[in-house]
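Let's walk through this one together, starting where the two chains meet. Keep the viewer open and follow along.

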Amino acid sequence: MIGMWYEDHEVGQTASLGAHRFTREAIVDFASKFDPQPFHLDEEAAAKSIFGGLCASGWHTVSVSMRLLVDGRRAQRQALAANGEKPPPLGLGRGVRDLRWPAPVRPGDVIAFSLRVESLRETRRPDWGLIGMRIAGVNQDGREVCAYTLMGLAARRLA
Amino acid sequence: MDLLYFEDLPPGEVVEYGERTVTAEEIVEFAREFDPQPFHLDEAAARASAAGGLIASGWHSAALMMRMNCDALFLRAASQGSPGIESIDWLKPVRPGDRLSVRRTTISARVSRSRPDVGVVEGRFELLNQNREVVMRLQGPLFIRRRPNGETQT
């Protein structure tokens, strides 16, 4: 497990974020709100589309990866607090680089997400560092379905 | 409505569309499901955080932009998808009551070398708030079919 402060990170560190099963209901629910393209909503229309069948919005896939990342961090914060240690202040996300969806996510697919620390950079502010984390999702057949680099601020211990 | 083709998104074109007022309820609803950090869930906790008050998840902003892009463009374009997105920048917070719209710019456009019936449009999509501030910027290519021969432009 990777620590929560900026200084706890090293380029190359990896961590598992856990897995999530995408149901047809959740795929259609997300798409009807945010991405109502036929191949995310309707099996028949999807069969005739470039995807050849119903698949999740890419925005749904990345949102689920965020949920798993946040759940993991929350568990870590609770563990720190249980140890009598003060968890670091939460940093905000700054952006995303090189976001790809190389294969569709189908109803029933179980996607396992992981992260790898890709870059570390100090900022003008002494209390925050900027971390680049490559987050990737792989389906039950080992095929990558999404990958992106999340640029986020992390609190510095030596502030 | 007529289908939009590659030829309908010429380089240099800037168009604005969409209007969506974001409520505290929908910010919290999205965050509960996908990004349950205190500054997206609870006003009091958010005030004590780096966000200084309740803000939308950056992924929620991206999803709202996608919805406006679908309504204005993707649902009426001969779209062939996108190979990915080069960058997303969350530049300013999105707060309850903000009125969001999208400004799309065609940076460049070229015909695909491997698929001559498809064009590649390099686009910039900016999410604006009611003060005309850019709160999020997304950049990446779109694949879109070229207008078939013989079909006249309307």
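Start at the spot where strand 2 of chain A (residues 93–100) meets strand 2 of chain B: the two run antiparallel and are joined by four bridges. If you want a residue pair to click on, take Gly95(A), whose bridge partner in strand 2 of chain B is Asp89(B). Bear in mind that you're looking at a predicted model.

What is the order of the strands in the open sheet? It goes 1(A)-3(A)-4(A)-5(A)-2(A)-2(B)-5(B)-4(B)-3(B)-1(B), ten strands with antiparallel pairing. At the edges stand strand 1 (14–21) of chain A and strand 1 (14–21) of chain B; each has a single partner strand, so one side of each is left without a neighbour in the sheet. Going from one strand to the next, the twist averages 20°. As for what holds such an arrangement together, strands of a sheet pair through backbone hydrogen bonds, either parallel or antiparallel.

Within the chain A part of the sheet, have a look at strand 4 (residues 128–138) and strand 5 (residues 144–155), which pair in the antiparallel sense over eleven bridges.

Next, the helices that lie across the strands. Helix 4 of chain A (residues 58–82) lies across strand 1, strand 3 (110–122), strand 4 and strand 5 of chain A, at about 125° to strand 1 of chain A. Helix 4 of chain B runs at about 120° to strand 1 of chain B, and lies across strands 1, 2, 3 (99–111), 4 (118–128) and 5 (134–145) of chain B together with strand 2 of chain A.

Back to the contact between the chains, which takes 25 residues from chain A and 27 residues from chain B. On the chain B side, helix 1 (24–34), helix 4 (58–72) and strand 2 (85–90) each supply at least two residues. Helix 4 of chain B gives the most, with seven residues. Sorted by class, the side of chain B that touches chain A has 15 nonpolar, seven polar and five charged residues.

Finally, chain A as a whole. Chain A has four helices and five strands, and along the sequence the pattern reads β-α-α-α-α-β-β-β-β. The C-alpha trace of chain A spans about 55 × 30 × 30 Å along its principal axes, and buried residues make up 36% of the 159 residues. Of the contacts in chain A with a separation of 6 or more, 66% are between residues 24 or more positions apart.

Definitions and conventions. Residues are numbered from 1 along each chain as its sequence is written. Chains are lettered from A and ligands numbered from 1 in the order in which they are written. This is a predicted model: local features need pLDDT of at least 70, side-chain atom pairs count only at pLDDT 80 or more; totals for chains, interfaces and linings use all residues. A residue is buried if 20 or more other C-beta atoms lie within 10 Å of its own, exposed if 12 or fewer, and partly exposed in between; C-beta atoms are placed from the backbone. Two residues are in contact if their C-beta atoms, placed from the backbone, lie within 7 Å. Ala, Val, Leu, Ile, Met, Phe, Trp, Tyr, Cys and Pro count as nonpolar, Asp, Glu, Lys and Arg as charged, and the others, Gly among them, as polar. Two strands pair if DSSP finds at least two bridges between them. Axes are lines fitted to C-alpha atoms, for helices over the stretch in contact, and angles run from 0 to 180 degrees between N-to-C directions.
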